[in-house]
Every structure is written in C-alpha cells, then in structure tokens.
Amino acid sequence: MPFDLHQLAAFNAVVAAGSLGRAADAMHVTQSALSRIVRRLEVHVGAPLFERHSKGMQLTDVGLALLPHATSLLRDAEGAKEEIRALLGLAKGTIRVGAVGSIACQILPTALTRTCQRWPMLQVEVVEGVWDRLASALLSREIDLALGAHTHDTDEIISVPDCCWEDTSYVVAATTHPLRARRALNLADTLTHKWAIMPRGTGPFEHMKALFTRHRLPTPEVTVETRSITVLKNLIAHSDFLGWMPEPMYYAEQRAGLLDRLPIPGACDTRTLTAFRRSHGLLPLPAAKLLNELRRLATHPPRQPTP
C-alpha cells in the first residue's frame, strides 16, 4: 500500500499538535485544507485515524498502528533528500550518532573532528546514553550509528565487525576518599561505603555486579542511580561515594586530581566496544563517512592522555 508523503506529514503534524487548528498553523495551511488531506489518508487506509472531539484529536487504534511507520517513512524520505543534496553540494548532510560515555569522551570526538575536517559541509547530532537508549534511538532512526559495548546481533541491529575498541573499568573514588588511607585495600572493603552508578539493568551496573560475583561478593548497596554522567562524576569527585567507570570517562577529573581508581587488586574489567547499525537498509552517506574514520581509529587508536 503506497503512501503519499504529504498526507503522512499532515497526519504527523496533527498528532504532534493535538488539534487540526494548531497543526494547520504549524503547516501554514487552512484548517479545512488540512482536514481534507487527513480525510484522504483515512480513505486510503480504509479506517478512521482520529477520534474527533471538541477539545482536539485523539488517535484510534489504526492511527496508533500507523504512527511509527509514518514517522519512519518521513525520516527515510528526508534522509534521502539530505544525502542527494549533500552529494550535489546544495546543502549540509547530518551525521546522527549515539555513544556510551567512554566513547563519547575520547574516540567519538577524535573521529568527528577528522570527519568534519575532510567533509566541512557536514553537521553532527550526538546522543549520549547507555545501550537501551542507543538501541531505541537507532530503531526509531533518531541516529544511524550507535557506539557501545559489544552485544549479540538481533534481527534489527547488527554490529560492524571491523570497528572495535577496548576499555577497562575500575572502582573509582575521590582522591580524598577515606579508603585511600587503608593499607592492603580489597574489594570487600568497598561494601560498607555508599555507591553511585548507572541504574540497575544498564550495562555499567551489570558489569559492576559481575565483578563482585566473580570475587564471590554480594552486589554493593547502591545509594544513587543516575543516567547523567555529569552528575555521577561530580558526585563521586566531591563526596565519599564510590563508582564504577571506564577509564576514558574520567580522564579530565583524573588529570585535575579530583578522582581516580582505587588501588584494589583485581578490581577492574575490560570490555569490547563496537559500532552498530540497523540491519536493514543502506547506511546514510554522512554516517558512512564517520564510520570510515572510526574504522581507522579502531586500527590506530588515539593516544591516551597522560594523567
């Protein structure tokens, strides 16, 4: 069933605005003209898409089913136009990429800098988050590349096998933390202290939990859970909270003398990081250019700053 993109754009505008009047203003058309466009789409679908009320428009079950497909089709069409214009030199292409914190702190900035030097017309949109956020953004086409910890391929998301790195995570604390005064520090000593970390179920939390399990210790009692890397680093650097972080994530705080790993034997773990893309469809040209730079960095990673 082929769809008219203009009709889908009108449908999405009504969903976003919540009423025909506000959507018509946003699209710079009359309310009656927009109503006719929506009705033609409903005739094409064969069912009402909205329940019309005095206070606005509410999606029917059919409308709810159409919405993600309409959004995807419109994004694909816009992406195709953008790529063609970028190739013709008429407009800027946009790199849409997401990354976990450690890649966002080192690998990604280097790759983006090199890509934009080679292709100065490109623009960049970056999403930072843990894997569940990145996977959702990839599937919704908010981003075209996701950079995160290696995981199994799915029917919808696959890894890029020649684009991999490694990082090592440690138990970290402020440089003034009282545990630093203790001799022969071991992992069990951290169990009596407050912890701050990414939420349960996220990759970092499960990574930390696996470390304690491997040492036959219970999981620490976590006092603060947050997805904000800024909050996490500042909380650990300026209080007695302990945390679990990959080394690239806290380079700046380490160099500033604010926080560092605790000297605990065996309290670290290495993971593999890689690039992911949607399994179906072509990778947009701007994202492909970034991926080429990421491949180069996977072969010749940037030098780590000296603390």
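**Close-up 1. Helices α6 and α11 cross in a right-handed way.** In this predicted model, helix α6 covers residues 107-118 and helix α11 covers residues 285-299. Their axes come within 9 Å and cross at roughly 125°. The two helices are therefore oblique to each other, because an angle counts as roughly perpendicular only from 65 to 115 degrees and as roughly antiparallel only over 145. On the α6 side, look for Ile-107, Leu-108, Thr-110, Ala-111, Leu-112, Arg-114, Thr-115 and Arg-118. They meet Lys-289, Leu-290, Glu-293, Leu-294, Arg-296 and Leu-297 of α11. Sorted by class, the residues of this contact are seven nonpolar, two polar and five charged.

**Close-up 2. Helices α1 and α3 cross in a left-handed way.** Here helix α1, residues 5-17, packs against helix α3, residues 31-45. The angle is about 110°, and the axes are 9 Å apart. That makes α1 roughly perpendicular to α3, because the range for this label runs from 65 to 115 degrees. From α1, the contact takes in His-6, Gln-7, Leu-8, Ala-10, Phe-11 and Val-14. Their counterparts in α3 are Leu-34, Ile-37, Val-38, Arg-40 and Leu-41. By class, you will find eight nonpolar, two polar and one charged residues in the contact of α1 with α3.

**Close-up 3. A hairpin joins strands β1 and β2.** Strand β1 is made of residues 50-53, and strand β2 of residues 56-59. The two strands pair in the antiparallel sense, over four bridges. The hairpin gets from β1 to β2 through two residues.

**Close-up 4. Ser-169 is buried in the model.** You can find Ser-169 in strand β6, which spans residues 157-174. The relative accessibility of Ser-169 is 2%, so this residue counts as buried, the cut-off being under 20%. Leaving aside residues up to four places away in sequence, Ser-169 touches His-207, Trp-244, Met-245, Pro-246, Ala-267, Cys-268 and Asp-269.

**Close-up 5. Arg-141 has a positive phi.** The phi angle of Arg-141 is about 70°, although this residue is not a glycine. Arg-141 sits in the loop between α7 (131-139) and β5 (145-149). With a relative accessible area of 24%, Arg-141 is partly exposed, because that label applies between the cut-offs of 20% and 50%.

**Close-up 6. Arg-216 also has a positive phi.** For Arg-216, another residue other than glycine, phi is near 60°. Its loop lies between α8 (203-214) and β8 (222-225). The relative accessibility of Arg-216 is 80%, so Arg-216 counts as exposed.

**Close-up 7. Thr-192 and Pro-220 are 8.1 Å apart in space, C-alpha to C-alpha.** Follow the chain from one to the other, and you will see that Thr-192 and Pro-220 are 28 residues apart in sequence. Thr-192 is found in the loop between β6 and β7 (195-197). The relative accessible area of Thr-192 is 67%, so Thr-192 is exposed.

Methods: Residues numbered from 1 in each chain as written. Predicted model: local features only at pLDDT ≥ 70, side-chain atom pairs only at ≥ 80, totals over all residues. Heavy atoms only, no water. Axes fitted to C-alpha atoms, helices over the stretch in contact; angles between N-to-C directions. Parallel < 35°, antiparallel > 145°, perpendicular 65-115°, else oblique. Left-handed = near helix turned anticlockwise from the far one by under 90°. Contact = heavy atoms within 4.5 Å. Nonpolar A, V, L, I, M, F, W, Y, C, P; charged D, E, K, R; others polar. Buried < 20%, exposed > 50% of the residue type's maximum accessible area, 1.4 Å probe, protein only. Pairing = 2+ DSSP bridges.
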